[in-house]
Amino acid sequence: MYLGGLAVAVAVEHCNLHERLALKVLLLLGTDTKWLMLGFMLTTMFLSMWISNTATTAMLVPIVEAVMLELRSGMENLHSDSGPLLNLEALHTTLLLSIAYSANCGGTGTVTGTSPNMILKGFMEEHYPESSELTFASWMAYNVPGMLICVCVGWITLQVLYVPCWRKQNEESKKRIRRVIASRYEELGTITYGYSKTFDAKVKESLIALQSRRVKGRRGIESIFRSVKSGLSKWLGAQMVELSVLSPFMVQIILCVCTATLTEIMSNSTVATILLPVVNEMAIAFHVHPLYLMLPVTVVSSYAFMLPVATGPNAIAFDSGRMKTIEMVKPGIVMNILCCFVQLAMVNTLGTSLFDLNTFPSWVNTSSGEGNWTRTFNSSKAIT
């Protein structure tokens, strides 16, 4: 699956399909600021499902810069029909943040979209080979609706905070934006078909990069397995056994909050690598479906909206817009809270229906899991 995703990414980059798609969507939706933002977000979200989040952001930021350059060349501010000024810097910040946020959300839409998804898939295949619930299709059926809701949440949040949609944009600014988008779209020419040696070279370069990423990914997966074999995950889970007095839903909320906090200062793959074995042990101890706790932790690990260092898309947007940290933190807090709420709602409704999360699955080796947990917990109490 990862090789297939890489091939798609190389092909899209080689033929400028990402730019063609983005410009076409922008032309279709219109050049009013709210539709302009939605066009960027939908395009970024879709591409991020198949291409890495950082690469998608890097592909679309130049289009934003071209639009802003055209606007700045003609006016200092955009005047609305009703009188108030719509600041160009606010518009620039909003468009960049919209791309970063939709790239982070879009990566959750497919198993290959981002590293934590593949880590969860590999964890399930390694520890529960009899499980057949988590597939490429079932993942999309579960998380694509949540992904779309989160993108809509981001669209509304950014408009309320930076570019209120009730302010009407004057016709001159709309014409300028449409002119630069149409000009760039025409420069791409017509779609052609044929064989390219340059494409072969890019594939070879990407395969070399893939080998490097596979080594890093293998180290991450191996660290999970080492923590499981060494008993570290069981010991950490035993320290959290006091949470058994709470309902599984409350435990789910606590885990989502902890994950959303950690992923702001650590990479999402690192967060998933650390937490999934522990959460799996907790699920066995609480006698709930492992995916009931592991699914929201995996998805929320990609909800890093507050800090520039959290993800590649955030860093690119922050640097391109020369933002202040508070400009990313303010909408990021709102996005974190609302997106966590969306994920909790999805896993307890659609997720429960798709994966039968109300039933403790027969493929979990309960006797072995609970026995190990009990021995670990007893030993930890003895040490204490």
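Analyst: Let me start with burial. A residue is buried when its relative accessible area is under 20%. This is a predicted model. In H13, 11 of its 11 residues are buried, and the helix is mostly covered.

User: Which residues of H13 are buried, and what do they pack against?

Analyst: The buried residues are Pro 290, Leu 291, Tyr 292, Leu 293, Met 294, Leu 295, Pro 296, Val 297, Thr 298, Val 299 and Val 300. They pack against H6, H7, H11, H12, H15 and H16.

User: What makes H11 roughly parallel to H13?

Analyst: The axes of H11 (residues 248-262) and H13 (residues 290-300) cross at roughly 25 degrees and come within 9 Å. Angles under 35 degrees count as roughly parallel. The crossing angle therefore makes H11 roughly parallel to H13. H11 passes H13 in a right-handed crossing.

User: Which residues of H11 and H13 meet, and how many of them are nonpolar, polar or charged?

Analyst: On the H11 side are Pro 248, Phe 249, Val 251, Gln 252, Leu 255, Cys 256, Thr 259 and Ala 260. They meet Tyr 292, Leu 293, Pro 296, Val 297 and Val 300 of H13. By class, the contact has 11 nonpolar, two polar and no charged residues.

User: Why is H5 called roughly antiparallel to H7?

Analyst: H5 (residues 88-106) and H7 (residues 136-161) pack at about 165 degrees, with axes 9 Å apart. Angles over 145 degrees count as roughly antiparallel. So H5 is roughly antiparallel to H7. The crossing of H5 past H7 is right-handed.

User: What makes the contact of H5 with H7, and which classes does it have?

Analyst: H5 contributes Thr 94, Leu 97, Ser 98, Tyr 101, Ser 102, Cys 105 and Gly 106. H7 contributes Met 147, Cys 150, Val 151 and Leu 158. The contact has seven nonpolar, four polar and no charged residues.

User: How do you know how H5 and H14 are oriented to each other?

Analyst: H5 and H14 (residues 312-320) pack at an angle of about 170 degrees, and their axes are 9 Å apart. The cut-off for roughly antiparallel is over 145 degrees. H5 and H14 are therefore roughly antiparallel to each other. His 92, Leu 96, Ala 100, Ala 103 and Asn 104 of H5 make the contact with Pro 313, Asn 314, Ala 317 and Ser 320 of H14. By class, that is five nonpolar, four polar and no charged residues.

User: What about the chain as a whole: how many helices and strands, and what share is buried?

Analyst: The chain comes to 17 helices and two strands. Of its 384 residues, 51% count as buried. Among contacts between residues at least 6 apart in sequence, 80% join residues at least 24 apart.

Definitions and conventions: Residues are numbered from 1 along each chain as its sequence is written. This is a predicted model: local features need pLDDT of at least 70, side-chain atom pairs count only at pLDDT 80 or more; totals for chains, interfaces and linings use all residues. Side-chain values use heavy atoms; hydrogens and water are left out. Axes are lines fitted to C-alpha atoms, for helices over the stretch in contact, and angles run from 0 to 180 degrees between N-to-C directions. Helices (H or I, at least four residues) and strands (E, at least two) are DSSP runs, numbered from the N terminus. Angles under 35 degrees count as roughly parallel, over 145 as roughly antiparallel, 65 to 115 as roughly perpendicular and the rest as oblique. A crossing is left-handed if the near helix is turned anticlockwise from the far one by less than a right angle, and right-handed if clockwise. Contact means heavy atoms within 4.5 Å. Ala, Val, Leu, Ile, Met, Phe, Trp, Tyr, Cys and Pro count as nonpolar, Asp, Glu, Lys and Arg as charged, and the others, Gly among them, as polar. Buried means under 20% relative accessible area, exposed over 50%, partly exposed in between (1.4 Å probe, protein chains only).
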